[in-house]
Amino acid sequence: MALRANSIIWGQGVPSHPHLGTKNSACRLNLRRDFHGFGKWVCCCSTLGQRAITPVEDEKPLNPEAESRSGIARTQGNESTGFHKDLNSLPRPLSANDLSSYSSDGSKVRVAYQGVPGSYSEDAALKAYPKCETVPCDEFEAAFQAVELWLVDKAVLPIENSVGGSIHRNYDLLLRHRLHIVGEVQLAVNHCLLGLPGVRKEELKRVLSHPQALDQCEMALSKLGLIRISADDTAGAAQTVASEGIRDTGAVASARAAAIYGLNVLEERIQDDTDNITRFMILAREPIIPGTERPYKTSIVFSLEEGPGVLFKALAVFALRDINLTKIESRPQRKRPLRVVDDSNKGSAKYFDYLFYIDFEASMAEPRAQFALGHLQEFARFLRVLGCYPLDTAL
């Protein structure tokens, strides 16, 4: 969605086609190669309305030529041995048959997430949609792409953690893709130390997990004197320990990952901070119709002209209307990080050029939110509403 002049436009999602995940996994979505005989499949959809503003540089595809080569590949059969659970029972990746058998009546809700079965992202997807079919993806961008190409209905992706901070990659992808935030999920993180059956934690010499999870469990892992090895995600670490069957190697992941891959939970809640919460965003092709019957949150992104007090003025439009800001994040414009301004007769000044992401507690159905954004667009160079959605207050 974008804003310009005196109108608010709820934009239709426009698909882009950057390369997707590249890891060889039987349980992940991979859209890099073509189907046999299927050709270079591209999803084309008409827009319901014109975009209200020329996109900023970050919205434009970085490699259009590479995007045109994006296709859908069959994932190879699982060749790993030594698992304690049958991988055939895990969520299967998308196939060509799904494109023809997909039901549009809402009876088959498919939700994409980044990682492998048992990841915290899948936990968040199941919290939001308990009866959904979860679809694992190699990378964050693969999940965005899966929604845009109508392969899934929704995507659930992390946006910030109470300990590790913001996931900047997903902020950047929000601007490059034309999806809408339609909800949020807050998930309490419970890191567990996992090992093969019959192994005691004192026998471990190494531990495998995502770098952020290893950092969040630094005190417990240091006490055990374990060598830390980075992995792509927590559940993937559990999968690796189970498949390789190395007794002196453990993993930091969820208790659900232990159940999926047949590992034992050697110790629970090993994170340094007990209050470890990750907030996930729910993405869809279409925005939801905002209401006022319950608390809503609105997410926007904008850029400003250089000048004294400009950011103060931008934030004041919310304070003047008693609108509470819950988050503000700045990200440099990747294609135009510097702005050159003629500052004096002696030369020109160079400033960093930023985009500002803001979440505020108000519904777009409320006049105060509409007036605030109308006021903001008077001096914003670029303004786009990323989504208006109900607050998640349950943990």
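## Cavities and their lining

Rolling a probe the size of a water molecule over the atoms shows where empty space is left. In this predicted model, the count of cavities of 30 Å³ or more comes to 4, and the largest cavity holds about 110 Å³ of space. The lining of the largest cavity is made up of 15 residues, of which Y171, I181, R279, S299 and D359 are the closest to its centre.

Two or more lining residues come from each of the helix α5 (168-176) and the strands β13 (277-284), β14 (296-304), β15 (324-332), β18 (354-361) and β19 (380-390). The largest share, 3 residues, is contributed by β18. Sorted by class, the lining of the largest cavity comprises 10 nonpolar residues, 1 polar residue and 4 charged residues.

## Aromatic contacts

A pair of aromatic rings is described by the distance of the centres and the angle of the planes. The model has 3 aromatic pairs, one of which is formed by Y171 and Y357, whose ring centres are 5.0 Å apart. The planes of Y171 and Y357 stand at 65 degrees, so the pair is classed as edge-to-face, the cut-off for that class being over 60 degrees.

## Salt bridges between elements

Side chains of opposite charge can pair when their charged atoms come close. The count of salt bridges comes to 19, among them the bridge between E133 and R110, in which the closest N and O atoms are 3.0 Å apart. This pair links distant parts of the chain, with E133 in strand β4 (residues 133-137) and R110 in strand β3 (residues 110-114), 23 residues apart. R110 is buried at 1% relative accessibility, whereas E133, at 23%, counts as partly exposed.

Another salt bridge joins R169 to E141, with the closest N and O atoms 2.9 Å apart. Because R169 lies in helix α5 and E141 in helix α4 (residues 140-148), the pair ties together parts that are 28 residues apart in sequence. R169 counts as partly exposed at 33% relative accessibility, while E141 has a relative accessible area of 6% and is therefore buried, the cut-off being under 20%.

## A partly exposed pair and a network

The salt bridge between E203 and R200 has its closest N and O atoms 3.5 Å apart. E203 is partly exposed at 31% relative accessibility, and R200 is likewise partly exposed, with a relative accessible area of 49%.

Salt bridges also join into a network, which links E160, E184, R279, K297, K327, E329 and D359.

Notes. Residues are numbered from 1 along each chain as its sequence is written. This is a predicted model: local features need pLDDT of at least 70, side-chain atom pairs count only at pLDDT 80 or more; totals for chains, interfaces and linings use all residues. Side-chain values use heavy atoms; hydrogens and water are left out. On a 1 Å grid over the protein atoms alone, a cavity is a set of points where a 1.4 Å probe fits but cannot get out, and a pocket is an open set with protein on both sides within 12 Å along at least five of seven lines; lining residues have an atom within 4 Å of a point. Grid points are joined across faces, edges and corners, and a volume is the space filled by probe spheres set on the points. Helices (H or I, at least four residues) and strands (E, at least two) are DSSP runs, numbered from the N terminus. Ala, Val, Leu, Ile, Met, Phe, Trp, Tyr, Cys and Pro count as nonpolar, Asp, Glu, Lys and Arg as charged, and the others, Gly among them, as polar. Rings of Phe, Tyr and Trp (its six-membered ring) pair if their centres lie within 6.5 Å; planes under 30 degrees apart count as stacked, over 60 as edge-to-face and the rest as tilted. A salt bridge is a side-chain nitrogen of Lys or Arg within 4 Å of a carboxyl oxygen of Asp or Glu. Buried means under 20% relative accessible area, exposed over 50%, partly exposed in between (1.4 Å probe, protein chains only).
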